Amino acid sequence: MTTSCSIAASAAWTRVARDGEADWDGALYGLALGYNFQNGNMVYGGELTWSGADVSGSEECVNPAFQCYGSIDSIATLRGRVGYLVQPQTMVYGTLGFAQANITFGTTLSLIHISEPTRPRLIS
């Protein structure tokens, strides 16, 4: 039986442009833990990841009376995998997992100045 363990840390800065007008940016940082073991030609493993995030932004909604905003605070995943070692350099495997994110989206009413309508006047 062969086993392996992995630990990784990450950090990144991101900028998201959904339609070219968005102002979304922020930092991501995280940790990944993984474990695999092999028994004959079968390989079993799993991975747990967690990323903290400080990504937020806003842009005008489709209706210009509103401002759309959002933030991403964390992302977590848990995955398991089972594989079969066909040859020493070739493995066929399947994976199944779960992902969860702490995301907030909303809208706020923008202040719009509407001037008084003018009425046509007859000039005599």
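Is Asp25 buried, partly exposed or exposed? In this predicted model, Asp25 is partly exposed, because its relative accessible area of 25% lies between the limits of 20% and 50%.

## Overall architecture

The secondary structure of the protein chain consists of five strands and zero helices, and the order of elements from the N terminus is accordingly β-β-β-β-β. Of the 124 residues in the protein chain, 19% are buried, and the accessible surface comes to about 9,500 Å², with 59% of that area belonging to carbon and sulfur atoms. Among the contacts in the protein chain with a separation of 6 or more, 55% are made by residues 24 or more positions apart.

## Strand pairing and hairpins

Strand 2 (residues 23-39) runs antiparallel to strand 3 (residues 42-60), and 17 bridges join the two. Their hairpin has two residues between the strands, and within it Gly40 takes a positive phi near 70°. Strand 3 is in turn joined to strand 4 by 17 bridges, again in an antiparallel arrangement, and the hairpin that connects strand 3 with strand 4 passes through five residues. Strand 4 (residues 66-87) then pairs in the antiparallel sense with strand 5 (residues 90-109) over 20 bridges, and these two strands form a hairpin with two residues between them.

Phe37 stands opposite Tyr44 of strand 3, while Tyr44 has Val82 as its bridge partner in strand 4. For the pairing with strand 5, Gln67 has Thr108 as its bridge partner.

## Two residues of strand 4

Thr77 is found in strand 4 and, leaving aside residues up to four places away in sequence, touches Glu47, Leu48, Thr49, Phe98 and Ala99. Thr77 and Ala99 are separated by 22 residues in sequence, yet their C-alpha atoms are 4.3 Å apart in space. With a relative accessible area of 22%, Thr77 is partly exposed.

Ser74 is likewise found in strand 4, and its contacts, with the same exclusion of residues up to four places away in sequence, are Trp50, Ser51, Gly52, Ala53, Gln100, Ala101 and Asn102. Why does Ser74 count as buried? Its relative accessibility is 13%, and because buried means under 20%, Ser74 falls into that class.

## Salt bridges

The structure holds two salt bridges. In one of them, the side chains of Arg15 and Asp25 meet with an N to O distance of 3.1 Å; this pair links distant parts of the chain, since Arg15 lies in strand 1 (residues 2-16) and Asp25 in strand 2, 10 residues apart. Arg79 forms a salt bridge with Glu47, with the closest N and O atoms 3.9 Å apart, and here too distant parts of the chain are linked, Arg79 being in strand 4 and Glu47 in strand 3, 32 residues apart. Glu47 is also among the residues that Thr77 touches.

| Residue | Relative accessibility | Class |
|---|---|---|
| Arg15 | 54% | exposed |
| Asp25 | 25% | partly exposed |
| Arg79 | 35% | partly exposed |
| Glu47 | 25% | partly exposed |

## Aromatic cluster

With ring centres required to lie within 6.5 Å of each other, the count comes to three aromatic pairs. The rings of Tyr35 and Phe37 have centres 6.2 Å apart and planes at 45°, so this pair is tilted. Ring pairs link Tyr35, Phe37 and Tyr44 into a cluster, and the last two of these residues are the ones that stand opposite each other, with Tyr44 in strand 3. Tyr35 counts as partly exposed at 40% relative accessibility, and Phe37 counts as partly exposed at 29%.

## Nonpolar surface patch

Which residues form the nonpolar patch on the surface? The patch is formed by Ile7, Leu31, Leu33, Leu48, Leu78 and Phe98, which together have about 610 Å² of accessible area. Leu31 is found in strand 2 and is partly exposed, with a relative accessible area of 43%.

Definitions and conventions: Residues numbered from 1 in each chain as written. Predicted model: local features only at pLDDT ≥ 70, side-chain atom pairs only at ≥ 80, totals over all residues. Heavy atoms only, no water. Phe/Tyr/Trp six-rings, centres within 6.5 Å; stacked < 30°, edge-to-face > 60°. Buried < 20%, exposed > 50% of the residue type's maximum accessible area, 1.4 Å probe, protein only. Helix = DSSP H or I, 4+ residues; strand = E, 2+ residues; numbered from the N terminus. Contact = heavy atoms within 4.5 Å. Areas by Shrake-Rupley, 256 points an atom, 1.4 Å probe, with all protein chains shown as cover. Pairing = 2+ DSSP bridges. Patch = residues over 30% accessible without salt bridge, like charges linked within 9 Å, V, L, I, M, F, W, Y side chains within 5 Å. Salt bridge = Lys/Arg side-chain N within 4 Å of Asp/Glu carboxyl O.
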